[in-house]
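Welcome! Here is a short briefing to read alongside the structure, with the topics grouped so that you can follow them one by one.

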Amino acid sequence: MRTMYSIGEVLIDFIPLQKGKALKDVLEFERAPGGAPANVAAAVAKYGGRASMITKLGNDAFGDFLLERLQQAGVMTEKISRTSEANTGLAFVSLRADGERDFSFYRNPSADLLLHESEIEKNWFEEGDILHFCSVDLVESPMKQAHAKAIRLAKEKGSIISFDPNVRLPLWEQPEACRQTIVEFIPMAHLVKISDEELEFITGIVEVDRAIQSLFVGDVKAVIFTKGSEGAELYVKDKQFHSSGFAVDVQDTTGAGDAFIGGLLYKLLEKNVRQQNLEEVLQKYHKEILTYANASGALTTTGKGAISSLPAKEEIYQLLEK
């Protein structure tokens with residue numbers, strides 16, 4: 001099995017101990033490892049795949065904690081560097097009664113944004129690897145250029161590029177800057193995962209099918225459209241495949257989308273996917289891949305935090321058998 005690389009932020013999520021309170025009213029939090037790319041890497045590793053994280057952490061206690069937790073999750077960390085120029089990023093989260101979230105980020109900048117393109121090495125990637133990224137670390141910074149270089153090198157080696165925009169507007173000075181950056185990076189990906197909450201914002205198109213078709217630009221071969229508890233849809237060329245979600249007792253939706261795409265990427269690695277057969281594999285095994293991904297995302301919402309709530313592979317198969 002080849003390797004799934006995640007590039008981007010690893011941070012501390014401070015999760016409230018009470019639901020249904022505005023962030024300003026929360027009295028107690030518990031810390032949890034987070035950051036969307038890290039959550040995806042942890043999911044792939046937990047399900048038995050090879051996952052490696054590319055980022056930078058601060059030389060601080062939070063950085064030590066995150067490095068330790070990633071290693072415990074089975075994620076390879078040799079491509080994580082450390083710096084004293086900035087602290088490890090923090091995110092405070094408040095949970096509404098329905099488990100949905102509000103965020104407040106502390107990074108100006110955080111250590112992850114200081115990863116430089118010169119630290120990305122061309123011999124990291126091989127054919128059949130997957131490089132996954134999100135938009136949180138695409139703000140103007142050295143890390144944005146590191147993303148561009150990693151994508152170029154991975155693609156040249158025959159790796160598959162996966163992009164989940166994972167929009168977090170509070171991190172951007174203007175919403176349009178976020179949208180334009182996402183639009184800039186979409187054509188670089190082979191696989192784009194986008195949620196029902198993000199589609200209109202990114203594309204500017206209200207009608208769903210037309211909005212999704214507009215994402216087939218550049219190297220994009222497949223689009224995964226996620227709809228929370230209602231499941232997900234796969235678009236490949238002129239074909240569309242639907243999968244249903246799972247009814248679970250939702251406690252915290254943090255990391256659900258990351259667990260979904262982590263489960264999906266794990267399945268692609270399991271199928272020995274390559275750039276040239278990505279569409280074929282997705283079409284042939286769409287039911288198995290999407291069902292597994294939906295179960296992964298759903299079960300993650302039954303606990304608090306992202307990495308700490310990832311289900312075991314056996315739990316996923318138990319849910320699938322019901």
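**A first look**

Not counting residues up to four places away in sequence, D129 touches R2, T3, Y5, W124, S159 and I160; contact here means heavy atoms within 4.5 Å. What you see is a predicted model, in which local features need pLDDT of at least 70 and side-chain atom pairs count only at pLDDT 80 or more, while totals for chains, interfaces and linings use all residues. Residues are numbered from 1 along each chain as its sequence is written, and side-chain values use heavy atoms, with hydrogens and water left out.

**Where D129 sits**

- You can find D129 in the loop between β7 (101-106) and β8 (130-134); strands (E, at least two residues) and helices (H or I, at least four) are DSSP runs numbered from the N terminus.
- D129 counts as buried because its relative accessibility is 0%.
- Buried means under 20% relative accessible area, exposed means over 50%, and partly exposed lies in between (1.4 Å probe, protein chains only).

**The sheet**

- Nine strands, written as 9 in the count, form an open sheet with mixed pairing, in the order β5-β4-β1-β8-β9-β10-β11-β12-β13.
- Two strands pair if DSSP finds at least two bridges between them.
- At the edges are β5 (80-83) and β13 (239-243), each of which pairs on one side only.
- From one strand to the next, the twist averages 15°; axes are lines fitted to C-alpha atoms, for helices over the stretch in contact, and angles run from 0 to 180 degrees between N-to-C directions.

**Strand β4 and its neighbours**

- How much of strand β4 (residues 50-58) is buried? Strand β4 is mostly covered, with 8 of its 9 residues buried.
- Strand β1 (residues 3-7) runs parallel to β4, and 5 bridges join them; M4 stands opposite A51 in β4.
- β4 and β5 also run parallel, joined by 4 bridges, and G58 has T83 in β5 as its bridge partner.
- Together, β4, helix α2 (residues 61-72) and β5 make a right-handed β-α-β unit. Right-handed means that, with the strands pointing away from the viewer, the path from the first strand over the helix to the second runs clockwise.

**Strands β9 and β10**

- Strand β9 (residues 160-164) and strand β10 (residues 191-195) run parallel and are joined by 2 bridges.
- S162 stands opposite L191 in β10.
- D164 forms a salt bridge with K193, with the closest N and O atoms 3.4 Å apart. This pair links distant parts of the chain, D164 in strand β9 and K193 in strand β10, 29 residues apart.
- Both D164 and K193 are buried.

- The structure holds 17 salt bridges, each a side-chain nitrogen of Lys or Arg within 4 Å of a carboxyl oxygen of Asp or Glu.
- One of them joins the side chains of D137 and R107 (2.8 Å, N to O). D137 is in the loop between β8 and α3 (142-156) and R107 in the loop between β7 and β8, 30 residues apart.
- D137 counts as buried because its relative accessibility is 0%, and R107 is buried with a relative accessible area of 17%.
- Another joins the side chains of K155 and D219 (2.7 Å, N to O). K155 is in helix α3 and D219 in the loop between α6 (208-213) and β11 (222-226), 64 residues apart.
- K155 is partly exposed at 22% relative accessible area, and D219 is partly exposed at 33%.
- K267, E270, K271 and E288 are linked in a network of salt bridges.
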